[in-house]
Amino acid sequence: MFGGQVIAPSNSPHLRKSAGEQVNGAEEGFLHSTESNDLKSTITPLSTAAIMPSPILLWRFKVLLFFLWGFICCKTGWDSVMRMSVDLRDLFLYEAFLYYNPLLLVTMMVWLWGVNLWVFAQSTVSYAKIFDLDQNHLTHREVWKVATWMTIIVPTSMTAYLYLYSHGELSLAASQPVLLYFAVLMFLIFPFDIFYLSSRYYLLRTLWRIVFPLQAITFSDFFLADILTSMSKVFSDLERSACRMVHRQVATIAWFEADSVCGSHSVAIPLVLVSPYIFRLFQCLRQYKDTREKTTLFNALKYSTAVPVIFLSALKYHVFPDRWTNFYRPFWLLSSVLNSLYSFYWDVTRDWDLSCLTRIFKFNKPSLFSYLLYGRKWVYFWVIVSNLILRCTWTYKLSAHLRHNYLTVFTITALEMVRRFQWVFFRVENEWNKMSSKSNIQLSVNETSTEEAKLLSSTDHNV
């Protein structure tokens, strides 16, 4: 009785309407329901958008977290170092620096490569065509995303190592660099379609072609091999770190002995240092075999000049001091000057094209960056002078007997990567100009042949 539905009689005066009023009422009801549905569909996305923060606010929050994380790492690391005694502090820092400075330098190179790709994307240079990349290649944003994670993971592991070591947890401290190196290796060889599988496969395939140049050398092959020559110090430290991990010398004093298997007098150090130059030398010989161009032989000679610099320096630990000072040291100085000047000459005259330098900074859209760099004479002087200076200081890194001051060597290695970073712009630009000129020549030849065919056909028709 109370919950039943009340049905009004159909002849009730309150429900009695004319036919027109009924139609109008139906239309009004339909319009009202439609408006209410539209209003609901409009309100729902607005309410969802109101819940989600704006991209700018989200980006600022991420930056705030990043700086907060950086402050925590610096504070924890500093406190951990201060806990160590003064006589062991320098050795403690040297060991920690050896394990982590290679990955820090690799992270820096990834950041710089992202900047290179950003400039290429803004300009008219098609780097995807130069490197023969597919449509799934990494953009500068994705490269920066990888660099961001590397920037977070590597210092975090280093901070954990410093903290655990200073608090006496030696076994846990020793596991930190081991786990980090294992994670990096698994990231590179992980076979499943995650973490940019195609890009990782492209990198590993190119590295394989560099080590074993059994096929025709592509631009990507010798371009990456040139970058690896700037990272020879990184590979040397990676070898020493891996050696200590294999022999369980991490967080111990066994590696303090210079003549030990993983010590600073190890024969493996010059062998690893010279490896990128040997790979590049074999590439030049392979190019000569395929093309018979004598220029590739002079390029091979350039890389061969790095061999005496490395091995004459390493001889200091295996000969008498007087013998080194009076006989080997002058040859080492001479080979160092020859290598630096020859490499500088080749950069300016062969790898770069000074007639069109800085065109790569001509962006498709107006930009302050393009305005400051495109067509400016100071860019010429800066690139040439800085390249000469850093080519000369690079000898310091190649010389094993000058590597005791690890902070100085780290700085010089970082500067060499900056030199290679600016070298990339003009080397890629030069290659793009060569490809464009070949395309224009081919296009003109095709047009000429087409016109000749038309003329011949018209002559035959007239005959």
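Hi everyone, and thanks for coming. One reminder before we start: this is a predicted model.

Let's begin with the rings. The count comes to 27 aromatic pairs. Take Phe 131 and Phe 223: their ring centres are 5.0 Å apart and their planes sit at 70 degrees, so this pair is edge-to-face.

Now for a second pair, Phe 187 and Phe 195. Here the centres are 5.8 Å apart and the planes are at 50 degrees, so the pair counts as tilted. Phe 187 is partly exposed, at a relative accessible area of 32%, and Phe 195 is partly exposed too, at 47%.

Back to Phe 131 and Phe 223, which share one aromatic cluster with Trp 113, Phe 219, Phe 222 and Trp 423. Trp 423 also has a charged neighbour: Arg 420 lies over its face, 4.4 Å from the ring centre. Likewise, Arg 323 lies over the face of Phe 327, at 4.5 Å from the ring centre.

On to the salt bridges. The structure holds 10 of them. In one, Arg 209 meets Asp 221, with the closest N and O atoms 2.8 Å apart. Arg 209 is in helix H7 (residues 197–211) and Asp 221 is in helix H8, so the bridge ties together parts 12 residues apart in sequence. Asp 221 is buried, at 1% relative accessibility.

Another one pairs Arg 419 with Asp 347, at 3.4 Å between the closest N and O atoms. Arg 419 and Asp 347 are both buried. What network do they belong to? Salt bridges link Asp 347 and Arg 419 with Arg 391 and Glu 416.

Within H16, Arg 427 and Glu 431 are four residues apart, about one helical turn. They form a salt bridge with a closest N and O distance of 3.6 Å, and both are buried.

Last, the surface. Leu 58, Phe 61, Leu 64, Leu 65, Leu 68, Phe 71 and Ile 72 make up a nonpolar patch with about 710 Å² of accessible area together. Ile 72 is found in helix H2 (residues 55–83) and is partly exposed, at 45%.

That's my tour, and I'm happy to chat.

Technical notes: Residues are numbered from 1 along each chain as its sequence is written. This is a predicted model: local features need pLDDT of at least 70, side-chain atom pairs count only at pLDDT 80 or more; totals for chains, interfaces and linings use all residues. Side-chain values use heavy atoms; hydrogens and water are left out. Rings of Phe, Tyr and Trp (its six-membered ring) pair if their centres lie within 6.5 Å; planes under 30 degrees apart count as stacked, over 60 as edge-to-face and the rest as tilted. Buried means under 20% relative accessible area, exposed over 50%, partly exposed in between (1.4 Å probe, protein chains only). A charge sits over a ring if NZ of Lys or CZ of Arg is within 6 Å of the ring centre and within 35 degrees of the ring normal. Patches are made of residues with over 30% relative accessible area and no salt bridge: like charges are joined within 9 Å, nonpolar side chains (Val, Leu, Ile, Met, Phe, Trp, Tyr) within 5 Å. Accessible areas come from the Shrake-Rupley method with a 1.4 Å probe; for residues, only the protein chains shown count as cover. A salt bridge is a side-chain nitrogen of Lys or Arg within 4 Å of a carboxyl oxygen of Asp or Glu. Helices (H or I, at least four residues) and strands (E, at least two) are DSSP runs, numbered from the N terminus.
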